[in-house]
Amino acid sequence: MNNQHLLIWSVPAFLLLMAIEMIYYRLHPDENAGGYSLRDTATSLTVGVGAGIADIAYKAIALAGFIVLYELTPLRIEVTWLTFPLILLAQDFCYYWMHREHHLVRILWAAHVVHHSSLKYNFSTSMRQPWTGLTSQLFYIPLILAGVPPWAVFLCGGINMLTQFWLHTERIGKLWRPIELLINTPANHRVHHASQGDYLDRNFGGILMIWDRVFGTYSEEIDRPVYGLTKNIETHNPLRVATHEYVAIGRDLASARGWRDRIGILLNRPGWQPESVDRTRENA
């Protein structure tokens with residue numbers, strides 16, 4: 001079963017868990033939690049459907065490229081019960097760097113920003129995925145060149161994504177400290193989705209938190225997170241949610257003076273702007 005099938009078969013479980021969380025909010029309201037709203041949830045689900053359709057196309061492109069590279073490399077790693085956990089660990093390492101760079105490079109952030117655009121934080125938020133996710137696959141090329149079969153890379157990617165669904169909730173508090181230290185949890189991921197200055201660009205790990213601890217990007221949940229972007233887009237239009245940062249980049253490129261500024265707009269941090277462009281940073 002490839003990762004596409006894995007995620008598709010998981011959709012009914014996702015919808016069921018969303019319904020349970022909605023009912024739980026209704027029976028046990030929390031004035032400090034955002035809960036659900038009809039328009040926000042509808043936007044998240046619509047964006048998720050669009051991402052699923054786009055995913056078919058860009059995964060096909062990535063698969064073709066992976067197959068070519070796999071045939072060119074002389075290395076081979078046999079997938080067994082012993083090697084698969086190590087492959088999954090390596091995939092999670094690559095995921096950390098993919099996720100981190102998609103926050104720190106503006107043209108990559110333009111794809112990822114959709115996932116941070118909701119002011120709510122619930123299971124439906126996990127459905128807000130990019131419509132332009134091909135750039136994510138570039139970070140898994142080292143696994144292919146090391147001899148990992150393309151199907152195994154995609155399967156590990158699907159597992160990584162599945163493990164992150166349960167992170168998008170305010171209804172699960174902090175867990176036992178050794179768990180919080182080792183793996184990604186709702187508390188750790190709430191920090192990642194927060195828009196406060198001390199929480200920005202933190203906790204990039206997918207399955208494990210050890211990468212953030214090793215590379216200095218870990219932050220513990222202390223203050224209650226405020227979700228969304230540092231400058232929110234104020235829309236529930238799925239098309240605008242999925243593309244607004246590309247539109248903003250286009251405006252900045254049109255106003256830029258010279259190629260150095262244009263390259264900087266694309267490759268520097270989302271907050272960077274040349275003097276010829278006056279825009280407020282959007283980040284999370």
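Mentor: One definition before we start: helices (H or I, at least four residues) and strands (E, at least two) are DSSP runs, numbered from the N terminus. This is a predicted model, where local features need pLDDT of at least 70, side-chain atom pairs count only at pLDDT 80 or more, and totals for chains, interfaces and linings use all residues. Residues are numbered from 1 along each chain as its sequence is written, and side-chain values use heavy atoms, with hydrogens and water left out.
Trainee: Okay. Where is D201?
Mentor: D201 sits in the loop between α9 (186–193) and α10 (210–215). Its phi is near 60°, a positive value in a residue other than glycine.
Trainee: Is D201 buried or exposed?
Mentor: Buried, because its relative accessibility is 9%. The cut-offs: buried is under 20% relative accessible area, exposed is over 50%, and partly exposed is in between (1.4 Å probe, protein chains only).
Trainee: And what about phi at E234?
Mentor: E234 has a positive phi of about 55° and is not a glycine. It is in the loop between α10 and α11 (238–255). At 66% relative accessibility, E234 counts as exposed.
Trainee: New topic. How far does α2 reach?
Mentor: Helix α2 (residues 38–72) has 35 residues and spans 50 Å from first C-alpha to last. That is close to the 51 Å expected at 1.5 Å a residue. The expected span is 1.5 Å times one less than the number of residues.
Trainee: Where is the kink in it?
Mentor: The kink in α2 is centred on D55, at about 30°. The bend at a residue is the angle between axes fitted to the seven residues ending there and the seven starting there.
Trainee: What does T43 touch?
Mentor: T43, also in helix α2, is in contact with R128, H236 and V241, leaving aside neighbours within four places in sequence. Contact means heavy atoms within 4.5 Å. T43 is buried, with a relative accessible area of 2%.
Trainee: Last one. What is the average pLDDT?
Mentor: The chain averages 92, and 94% of the residues score at least 70. pLDDT is the predictor's confidence in each residue, from 0 to 100.
Trainee: Where does pLDDT stay under 50?
Mentor: Over residues 279–284. Where pLDDT is low, the predicted coordinates should not be read in detail.
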